[in-house]
Amino acid sequence: MSFPHDSRPGVGGNRHATSPQETGFDTDMQVLSIRRQAPRILVVDDHPMIAGLMSQLLTQRGYDVVTAADAEQAAAEVRRQAPDLILSDVRMPGKSGYELCRDLKADRATRLIPFVLITGLSDGADKLRGIEAGADDFLNKPVLAEELTARVKSLLRVKEFTDELETADSVLCTLGLIVEGRDPYTEGHCERLALRGAELGRHLGLDEDSIVALRRGGYLHDLGKIAVPDAILKKGSDLTLPEWEIIKRHPVTGENICKPLKSLRLVLPIIRHHHEHADGSGYPDGLRAGEIPLLPRVLQVVDVYDALRTTRPYKPALPHDQASQTMREEARQGLWDAELVNEFFSMLAEKRSVA
């Protein structure tokens, strides 16, 4: 089977006391459940005959196929239920396949969906335009059935590997929430850190990968406390020296848990170094100001603020102004990055003025 040429012209954290769209079990189970279902393929073509032939062929191969007549319908379908693969004509009324591809690849929620452009154009410049739009593969018209199914199978395999990595990330984030759940005083702590860490990253003008790392770091920064006994974790203050040494190992434990996942490479420094102090008095490595990476310093600021603003076994919650005063003073003493502390409170002031 092959499909006809398109002959149309035109375009074609815990506070130190004595001396831690994102996920849940339901989400993880849904991801695993979806993977067991037939892969979902979106075919975008304004020719009903071509779209119908491709849909019939792929449905016979066991795929769940939906069709859209143009880019606008395709975008609506993606929003309704994200497909595992998109096969799109280049020349369509309204937005072209290039534009649809570019829009979806620019959106973090859809950028990992494999996108195949199908075109009758043979000019190298047209393929270059598709590459620049972010297309993962190309098929030329007339499309051969054997080539279509082979490309689809290959790209869906890649998508499955990607989903597995994302699911692993989600499971680890869920573990972070489980660790948080062991301490009733820290309820919502991880979620607040994920949100505020990402907000501060944007305020500082950091790149998107760093912002994602800060969000993940909010959930994973105290993951290593999974190895800390409840009797120590919930004690809060008056820790013995041996108990304190156990607490101080949790950043290294968390780093070791997450280290096998390359997708978390930017998060690892956050996990390991979010308890370091600018004056070298922190742990686990005793790093000083110039040695502590930026992302741990960023998350550390929001972590300390959240700890000050919430009730803990060893202290009451502080009002905002007192928390600000405390953090600025401690920054002057060499605990936190003074510039980042100032930026954080500037960001909060801007948010209050807008509200």
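Mentor: Before we start, contact means heavy atoms within 4.5 Å. Keep in mind that this is a predicted model. With that cut-off, the buried residues of α15 pack against α7 (189-203), α13 (294-309) and α14 (320-333).

Trainee: Okay, which residues of α15 are buried?

Mentor: Leu340, Val341, Phe344, Phe345, Met347 and Leu348.

Trainee: And what makes those residues line one face of the helix?

Mentor: Look down the axis of α15: the buried residues fall within an arc of 150°, so one face of the helix holds them. The general rule behind that is that an α-helix has 3.6 residues a turn, so residues three or four places apart point the same way. On the face of α15 turned away from the buried side you'll find Glu339, Ser353 and Val354, which are exposed.

Trainee: Why is Asp337 called a cap on α15?

Mentor: A side-chain oxygen of Asp337 lies 3.0 Å from the backbone nitrogen of Glu339, at the N-terminal end of the helix. The cut-off for a polar contact is 3.5 Å, so we call Asp337 a cap.

Trainee: What does the end of α8 look like, with Asp207 as its cap?

Mentor: Here a side-chain oxygen of Asp207 is 3.1 Å from the backbone nitrogen of Asp209, at the N-terminal end of α8.

Trainee: What makes α8 "mostly covered"?

Mentor: Eleven of its 13 residues are buried, including Arg215, Arg216 and Tyr219.

Trainee: Over to the strands. Why is β4 called mostly covered?

Mentor: Five of the five residues in β4, 115-119, are buried. Both faces are covered too, with Phe115, Leu117 and Thr119 on one side, and Val116 and Ile118 on the other.

Trainee: What makes β3 and β4 a pair?

Mentor: Two strands need at least two bridges between them, and β3 (residues 85-89) has four with β4, in the parallel sense. Within that pairing, Asp89 has Ile118 as its bridge partner in β4. The chain gets from β3 to β4 through helix α4 (residues 97-106), in a right-handed β-α-β crossover. β4 also runs parallel to β5 (residues 137-140), again joined by four bridges, and Val116 has Asp137 as its bridge partner there.

Trainee: Which residues is His273 in contact with, beyond its neighbours within four places in sequence?

Mentor: Asp285, Leu287, Ile292, Pro293, Pro296 and Gln300.

Trainee: Last one: what is omega for the cis bond from Lys141 to Pro142?

Mentor: Near -5°. Pro142 is in the loop between β5 and α6 (145-181). A cis peptide bond also joins Tyr283 and Pro284, with omega about 10°, and Pro284 is in the loop between α12 and α13.

Note on methods. Residues numbered from 1 in each chain as written. Predicted model: local features only at pLDDT ≥ 70, side-chain atom pairs only at ≥ 80, totals over all residues. Heavy atoms only, no water. Buried < 20%, exposed > 50% of the residue type's maximum accessible area, 1.4 Å probe, protein only. Helix = DSSP H or I, 4+ residues; strand = E, 2+ residues; numbered from the N terminus. Right-handed = clockwise from strand over helix to strand, strands pointing away. Arc of directions from axis to C-beta. Polar contact = N/O pair within 3.5 Å; in protein donor to acceptor, adjacent residues only side chain to side chain.
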